[in-house]
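Please consult the sequence and the structure shown here before reading on.

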Amino acid sequence: MSILKVSRMGHPVLRQRTALIQPDEIGTASTQRLIDDMFDTMNDYAGIGLAAPQVYQDRRLFVAGVDDPDSTMQPVVMINPEIEVIDEGEEEDWEGCLSIPDIRGKVPRAKNIRVRFLDRYGNSQQFTASGFPARVIQHETDHLNGVLFVDRMKSFESLTFLEEYGRYWDSGSGSDG
Ligand code: ZN
């Protein structure tokens, strides 16, 4: 198990469109180790998602989810994800990011999406997601295109430090992605 260093806003690695992963790269020891290390890193930082550029990797891959049967976001690895927005529905909710520590902001996202991706065994998968898991998948897929959640905010009025977020906006601390 290795905890990787997480890149922070301002590092150019977070602003690049990442490279597609070829199917024959997925089964290699280095890709499988990267996936395991990304889960370890995400869990160590108590994040809800972690994309490859956040650990300095120029690859279209993210991990997300919590290993708890009650979690609405079950653990998943998505390689080369493609998102399709199912309908016009949008909702605004709080997001945080391990690459923008201690900051929260309200971000509009599509409510209902379909996502197609390869899993860690190289199998094609697709599913639909709504609400929170749809938000996490959109946040992580944005990272693969060099986009950060602050880019998606309609206004910076809701931009909040974590301490003030906890004091005025939510009793819990939420989750970063
Ligand atoms: Zn993020």
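D87 counts as partly exposed, at 33% relative accessibility; in this report buried means under 20% relative accessible area, exposed over 50%, and partly exposed in between (1.4 Å probe, protein chains only). The model is a predicted one, in which local features need pLDDT of at least 70 and side-chain atom pairs count only at pLDDT 80 or more, while totals for chains, interfaces and linings use all residues. Residues are numbered from 1 along each chain as its sequence is written, and side-chain values use heavy atoms, with hydrogens and water left out.

D87 is found in the loop between β3 and β4 (90-97). Helices (H or I, at least four residues) and strands (E, at least two) are DSSP runs, numbered from the N terminus. K111 lies 24 residues from D87 along the chain, and the C-alpha atoms of the two are separated by 7.9 Å. For G166 and D70, 96 residues apart along the chain, the C-alpha separation is 23 Å. G166 has its place in helix α5 (residues 162-169) and counts as partly exposed, at 33% relative accessibility.

**Strand pairing**

Strands of a sheet pair through backbone hydrogen bonds, either parallel or antiparallel. Two strands are taken as paired here if DSSP finds at least two bridges between them.

| Strands | Sense | Bridges |
|---|---|---|
| β3 (residues 76-85) and β6 | antiparallel | five |
| β6 and β7 (residues 124-130) | antiparallel | seven |
| β4 and β5 (residues 100-110) | antiparallel | seven |

Strand β6 (residues 112-118) is mostly covered, with five of its seven residues buried. Within β6, R114 stands opposite E84, and R116 stands opposite Q126 in β7. β6 and β7 form a hairpin with five residues between them, and in the turn G122 has a positive phi of about 85°.

An open sheet of three strands runs in the order β4-β5-β8, with antiparallel pairing. Its edge strands are β4 and β8 (160-161), each of which pairs on one side only. The bridge partner of C97 in β5 is I100.

**The zinc site**

Which residues coordinate the zinc ion? The donors are C97 (SG), H139 (NE2), H143 (NE2) and G177 (O), at 2.0 to 2.2 Å. Donors are N, O and S atoms within 2.8 Å of the metal (3.2 Å for Na, K and Ca); water is not among the atoms, so sites may look incomplete. The angles among the four donor atoms are 98 to 129°, and the site is tetrahedral, a term that requires all angles of four donors to lie between 85 and 135 degrees. Ideal angles are 109.5 degrees for four tetrahedral donors.

Along the sequence, the donor residues follow the spacing C-x41-H-x3-H-x33-G. Both H139 and H143 lie in helix α3 (residues 132-144), four residues apart, about one turn of the helix. H139 is buried, with a relative accessible area of 5%, and H143 is buried as well, with a relative accessible area of 1%.

**A nonpolar surface patch**

M1, I3 and Y45 form a nonpolar patch on the surface, with about 350 Å² of accessible area together. Such areas come from the Shrake-Rupley method with a 1.4 Å probe, and for residues only the protein chains shown count as cover. Patches are made of residues with over 30% relative accessible area and no salt bridge, nonpolar side chains (Val, Leu, Ile, Met, Phe, Trp, Tyr) being joined within 5 Å and like charges within 9 Å. A salt bridge is a side-chain nitrogen of Lys or Arg within 4 Å of a carboxyl oxygen of Asp or Glu. I3 is found in the segment before α1 (23-26) and is partly exposed, with a relative accessible area of 38%.

Notes. Tetrahedral: all angles 85-135°; square planar, octahedral: opposite > 155°, others 65-115°.
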